[in-house]
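Please read the points below alongside the model. They are meant for someone who has not looked at this structure before.

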Amino acid sequence: MTDDIDHEQISAITAFVDTATPPSDEPTAHLIFGTNQIRPAEIAAERYHRGLAPMIILTGGVNRHNGIVEAAMFHRFLLERGVPDDVIRYEDRSANTWQNIEFALPFLREALERELTVTAICKWYHRRAIHILKTFVPDIGAFHVITWDPVYAGQPVTRTNWPHIPDGRRRVIREWQEVPRRVAEGSFTDVKLVNGTWH
């Protein structure tokens, strides 16, 4: 275990930041939060080919670590995996999670106008992402979240090993501390998990 967090606290932190919900078995608009890792695009492509992702919204500008334009990388990958271009929407200017949603807002509005529920694809601990989504789209209704385990320094950060991986630990603790503070001060809208979906 770790020096300053006991097992009970680790369990509580993990439960709080974990954004996953049961995925929808109906077609939904899939929203990918910006990252330089390809896994979320793999998830979206797989779900498109199962008839579950009639619209895929990509976000992410230039990654500050490696210079990759995240949405452009996702776009190329999806096209290579046989996802038609007319299914894909993307913004490639955002520099953070807040801007991911701010700049993708027209596409999220399009999804809602088409009466599509939204499924976000994000890192399992990225609790800020779903609060920001609800903040910008208060009328989003029920939405789903599919998660993935990011890899840092060659090691996946999972729900069980994060306390022992410095990069994972720092990121998870940040979500746990920042989200309640931002909700309390009013800069994030709160979200609730009800019957397996976020609201």
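1. Basis. The model is predicted, so local features are given at pLDDT of at least 70 and side-chain atom pairs at pLDDT 80 or more, while totals for chains, interfaces and linings use all residues. Residues are numbered from 1 along each chain as its sequence is written, and side-chain values use heavy atoms, with hydrogens and water left out. Helices (H or I, at least four residues) and strands (E, at least two) are DSSP runs numbered from the N terminus.

2. The sheet. Five strands in the order E3-E2-E1-E4-E5 form an open sheet with parallel pairing; two strands pair if DSSP finds at least two bridges between them. At the edges are E3 (88-90) and E5 (144-148), each of which pairs on one side only. From one strand to the next the twist averages 20 degrees; angles run from 0 to 180 degrees between N-to-C directions, and axes are lines fitted to C-alpha atoms, for helices over the stretch in contact.

3. Strand pairs. Three bridges link E2 (residues 55-58) and E3 in the parallel sense, and here Leu-58 stands opposite Tyr-90 of E3. E1 and E4 run parallel and are joined by four bridges, with His-30 opposite Thr-119 in E4. E4 and E5 are also parallel, over five bridges; Ile-121 has Ile-146 in E5 as its bridge partner.

4. Strand E4. How many residues of E4 are buried? Six of its six residues are, and the strand is mostly covered. Buried means under 20% relative accessible area, exposed over 50%, and partly exposed in between (1.4 Å probe, protein chains only). E4, helix H5 (residues 127-136) and E5 make a right-handed β-α-β unit: with the strands pointing away from the viewer, the path from the first strand over the helix to the second runs clockwise.

5. Helix H4. H4 (residues 97-113) packs on the sheet and touches E1 (29-32), E2, E3 and E4 (118-123). Its direction makes about 170 degrees with that of E2. Contact means heavy atoms within 4.5 Å.

6. Helices H2 and H3. H2 (residues 39-49) packs against H3 (residues 70-80) at an angle of about 35 degrees, the axes being 10 Å apart. Pro-40, Ala-41, Glu-42, Ala-44 and Ala-45 of H2 meet Phe-74, Phe-77 and Leu-78 of H3.

7. Cover of H2. The buried residues of H2 are Pro-40, Ala-41, Ile-43, Ala-44, Ala-45 and Arg-47. Their cover includes E1, E2, H3, E4 and E5. Gly-51, with a positive phi near 80 degrees, follows H2.

8. Arg-182. Is this residue buried or exposed? Arg-182, in helix H6 (residues 166-185), is buried because its relative accessible area is 18%. Apart from neighbours within four places in sequence, Arg-182 is in contact with Trp-98, Ser-187 and Phe-188.

9. Glu-115 has a phi of about 60 degrees and lies in the loop between H4 and E4. Glu-115 is exposed, with a relative accessible area of 74%. For Asn-195 phi is near 50 degrees, and this residue lies in the loop between E8 (193-194) and E9 (197-198). Asn-195 is exposed at 78% relative accessible area.
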